[in-house]
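Dear colleague,

Please find below the structure that I am handing over to you. My findings follow it.

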Amino acid sequence: MASELEQFCVIARSQKDRACANIIQQVLKDKKIHVFGELLAVPSVQALKGTEFNNAYETLELFAYGSFDDYTASPARFLELTPFMTQKLRRLTLFSMAAKSNKLAYDDLLAALQLQTVRDLEDFVIDAVYSELIAGKLDQMGQVFTVSWVTARDVRREDLGAVLDKLTRWRERCTTTKTILQKSSRDVFQKGAVYAVENSEVQRKADIEREKLKALVEAGEMDCDDDFIGGRRERSKPGSSRSSALDRLGLGIGGGIGGGRSSASHMASTRSKF
């Protein structure tokens with residue numbers, strides 16, 4: 001977009017009066033150009049003010065900073081707009097509204113853009129979105145256009161202070177967010193380090209217990225195979241210390257299914273005594 005305008009600026013610097021006014025009209029009819037400040041600053045364009053071509057200068061200024069309402073309030077001040085130029089000015093008006101608020105009510109848009117029906121408005125907004133100069137979502141139920149982002153328009157010199165204030169507040173929010181993210185990152189790192197230490201300690205204790213079990217097996221104090229050391233339980237042989245413990249609970253191998261039933265009866269009997 002900037003390169004497109006730059007070509008016209010180069011030509012305008014060597015032109016005067018009517019030729020310069022014609023360049024302005026070409027720029028306003030160009031579908032790729034939506035900023036005009038650089039052309040406004042060209043001395044030969046500035047020289048049009050107060051001359052018979054003043055309406056060309058004022059129309060360029062209208063497209064740079066103004067709105068559709070400004071045009072309809074006093075159309076005689078400006079060049080006669082073609083249908084394309086009219087839609088372009090409406091689009092620029094939409095950009096200004098979107099820069100001030102990210103939620104635009106249909107009623108406000110219809111009034112500012114001077115469109116007659118909701119269908120006309122939605123078609124207009126969809127066309128603007130396809131231009132890739134604005135993005136958002138139309139809510140037909142809520143009658144709202146929610147803006148995601150929008151192309152910036154030209155800014156008057158006297159409005160630079162307000163823009164600077166917005167940028168300053170944005171920088172402060174970024175700084176605050178950065179501080180919060182840095183703190184969160186440190187907290188996550190510290191918790192990760194603690195977890196790693198705890199996990200290492202758990203693994204160390206598990207290794208110690210595994211070695212103890214292995215030593216018991218090798219000493220003959222526990223009758224189980226290597227799979228038990230690896231973590232899989234196998235049925236103990238009758239006579240082993242583990243088997244004896246199971247027998248005392250009524251769950252020994254010798255009892256089988258009947259043994260299990262006997263144990264259950266015994267436990268029921270024991271409970272009845274109490």
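The lining of the largest pocket comprises 10 nonpolar, five polar and seven charged residues. Here Ala, Val, Leu, Ile, Met, Phe, Trp, Tyr, Cys and Pro count as nonpolar, Asp, Glu, Lys and Arg as charged, and the others, Gly among them, as polar. The model is a predicted one, in which local features need pLDDT of at least 70 and side-chain atom pairs pLDDT 80 or more, while totals for chains, interfaces and linings use all residues. Residues are numbered from 1 along each chain as its sequence is written, and side-chain values use heavy atoms, without hydrogens or water.

The space in this pocket is about 740 Å³. Ser 96, Ala 99, Lys 100, Val 155 and Lys 166 are the closest to its centre among the 22 lining residues. A pocket is an open set of points on a 1 Å grid over the protein atoms alone, where a 1.4 Å probe fits, with protein on both sides within 12 Å along at least five of seven lines; lining residues have an atom within 4 Å of a point. Helix H7 gives the largest share of the lining, six residues. Helices (H or I, at least four residues) and strands (E, at least two) are DSSP runs, numbered from the N terminus.

Val 144 in S3 is the bridge partner of Ala 105, and Trp 149 in S3 stands opposite Ala 135.

Yours sincerely

Key. Points joined across faces, edges and corners; volume = space filled by probe spheres on them. Pairing = 2+ DSSP bridges.
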